[in-house]
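Work through the exercises below with the sequence and the model in view. Try each task before reading its solution.

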Amino acid sequence: MENKPIVITEVGLKEVLEIRREVMWPDKPISFVSVSGDEEATHLGVIVNGVVVSVISLFIQNREAQFRKFATLIPYQRKGHGTTLLQYVFDYLKSKQIKRVTCNARVEKPISMPHLG
């Protein structure tokens with residue numbers, strides 16, 4: 001089987017909600033993982049061999065952005081996909097001239113942030 005390159009692109013809300021549910025709240029219905037503003041948000045995903053494996057949602061308003069619901073499928077965690085997606089997000093927001101970025105994170109899922117300097 002041919003390995004396809006890793007791609008980061010906008011993905012559909014349906015895919016995002018499925019991954020959020022699978023990773024964050026597998027015992028909850030899809031409706032539980034949806035948040036206010038999802039329909040207007042920009043949803044980005046990492047695609048590996050044709051499969052969306054990591055997603056993040058960007059809520060942008062007035063040159064400020066918040067990223068929320070950052071999730072990577074369990075078999076793909078600790079392989080650098082989330083870090084690659086997060087770096088892409090900061091480059092993307094910089095290109096959009098976003099002046100402030102905030103994040104909501106769950107305490108039980110701490111992440112280590114790479115140096116972004």
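**Exercise 1: charges over rings**

Arg68 lies over the face of Phe59, at 5.8 Å from the ring centre. The model is predicted, so local features need pLDDT of at least 70 and side-chain atom pairs count only at pLDDT 80 or more, while totals for chains, interfaces and linings use all residues. Residues are numbered from 1 along each chain as its sequence is written, and side-chain values use heavy atoms, with hydrogens and water left out.

Task: Which residue lies over the face of Phe32?

Solution. Apply the criterion: NZ of Lys or CZ of Arg must be within 6 Å of the ring centre and within 35 degrees of the ring normal. Lys28 lies over the face of Phe32, 5.0 Å from the ring centre.

**Exercise 2: helix H1**

Task: Check the span of helix H1, then find where its buried residues lie.

Solution. Step one: helices (H or I, at least four residues) and strands (E, at least two) are DSSP runs, numbered from the N terminus. The expected span is 1.5 Å times one less than the number of residues. For the 12 residues of H1 (residues 13-24) this gives 16 Å, and the end C-alpha atoms are 16 Å apart, which agrees.

Step two: the buried residues (under 20% relative accessible area; exposed is over 50%, partly exposed in between, with a 1.4 Å probe and protein chains only) are Val16, Leu17, Ile19, Arg20, Val23 and Met24 in H1. Seen down the axis of H1, they fall within an arc of 165 degrees, so they line one face of the helix. The arc is taken from the directions from the helix axis to the C-beta atoms.

**Exercise 3: aromatic pairs**

Task: How many aromatic pairs are there, and how are the rings of Tyr88 and Tyr92 arranged?

Solution. Step one: rings of Phe, Tyr and Trp (its six-membered ring) pair if their centres lie within 6.5 Å; planes under 30 degrees apart are stacked, over 60 edge-to-face, and the rest tilted. The structure holds 3 such pairs.

Step two: one of them is Phe67 and Phe90, edge-to-face at 6.0 Å centre to centre with 85 degrees between the planes. Phe67 lies in strand E4 and Phe90 in helix H3 (residues 81-95), so the pair ties together parts that are 23 residues apart in sequence.

Step three: the ring centres of Tyr88 and Tyr92 are 6.4 Å apart and their planes are at 20 degrees, so this pair is stacked. Both lie in helix H3, 4 residues apart, about one turn of the helix.
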